[in-house]
Each structure stands twice: as C-alpha cells, then as structure tokens.
Amino acid sequence: VQFIKAMRDEEGNMVRKAHLLGFLRRICKLLFFRIKPVFVFDGGTPALKQKTVLARKRQRERQNAKLRKTAEKLLMNTLRSRILLNTDHATTPQSKRNKDGGQDPNNASFAPGFQPLDSRAPVSLHQTSISSSSSSS
C-alpha cells in the first residue's frame with residue numbers, strides 16, 4: 001500500500017504494479033549498502049534462526065528463574081517482618097501501643113515507612129509453602 005500511494009507517473013496516476021517495483025527498488029537499495037536481505041516464507045523456523053530462537057528461550061527461562069527467586073525473597077522478608085511484628089506486639093507493654101491496638105510506629109522493629117498488610121494476622125514460616133513448579137509455555 002505504501003508503494004502504491006507513493007509511486008505515480010508524470011500525470012499523477014498510480015503506477016501499475018507499484019508494489020512490485022517498490023519492493024525491487026528497496027532490495028536494490030539494501031544490496032547497494034551491502035546488506036544481504038533474508039526472505040522468510042511461511043513454514044517452520046529456518047535453520048539460520050534456530051540458534052537465535054533457542055538462545056532467546058534460554059534467556060527467558062533464566063529471567064523467569066531470577067523472577068521466581070526474587071519473589072521468594074520478597075515473600076520471606078515480608079513473612080519475617082510480620083513474625084517480628086507479632087513477636088514485638090506480644091512483648092510490648094500496653095502503654096506503648098497506639099489506640100487501634102497496633103504497635104507505636106516509633107518503637108517498630110522494621111524499616112521506617114514500611115507497614116505490613118495486616119499486623120494482627122499471625123503468620124508461620126512453616127505453614128507457608130512456595131510452589132516451585134515451572135509452567136512451560
């Protein structure tokens with residue numbers, strides 16, 4: 001469509017078979033700049049590209065493994081902070097707790113600005129399991 005609209009004769013009429021002429025000119029331009037065009041037609045993956053496809057698949061699997069590992073670390077850190085918060089909550093005197101029953105933020109044992117989702121829900125590391133089964137796509 002691009003070639004058909006762009007290629008016109010002296011009178012402004014569209015050139016017949018402009019798509020073929022434009023394609024041929026584009027190939028000639030690539031060859032002029034010493035770029036070897038590769039034509040891929042319908043069918044399976046060409047042998048030339050199979051190495052690239054396998055390398056991309058391995059890279060994707062490595063990235064997914066890193067993502068799973070990072071998610072597990074984040075989950076474990078969150079669970080540890082909640083356990084510490086529950087432990088601190090049980091040992092903190094009532095006078096140092098704020099109105100809603102939670103711990104005073106000034107006496108918290110976690111990073112400043114970090115608030116667990118629900119500080120009153122008990123969490124045990126032994127009850128929580130992380131699925132490490134990988135799904136194939």
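The chain has a mean pLDDT of 75, and 61% of its residues reach 70 or more. Over residues 123-137 the pLDDT stays under 50. For this stretch the model has 14 contacts beyond four places in sequence. Where pLDDT is low, the predicted coordinates should not be read in detail.

M7 is located in the loop that lies between helix 1 (2-6) and helix 2 (18-32). The relative accessible area of M7 is 12%, which is under 20%, so the residue counts as buried. When neighbours within four places in sequence are left aside, M7 is in contact with N13, M14 and V15, and also with A18, L21, G22 and R25. K17 lies ten residues from M7 along the chain, and the C-alpha atoms of M7 and K17 are 9.7 Å apart.

Two aromatic pairs are counted in the model. In the pair of F32 and F33, the ring centres are 5.2 Å apart and the planes stand at 80 degrees. Because an angle over 60 degrees counts as edge-to-face, this pair is placed in that class.

Notes: Residues numbered from 1 in each chain as written. Predicted model: local features only at pLDDT ≥ 70, side-chain atom pairs only at ≥ 80, totals over all residues. Heavy atoms only, no water. Helix = DSSP H or I, 4+ residues; strand = E, 2+ residues; numbered from the N terminus. Buried < 20%, exposed > 50% of the residue type's maximum accessible area, 1.4 Å probe, protein only. Contact = heavy atoms within 4.5 Å. Phe/Tyr/Trp six-rings, centres within 6.5 Å; stacked < 30°, edge-to-face > 60°. pLDDT = per-residue confidence, 0-100.
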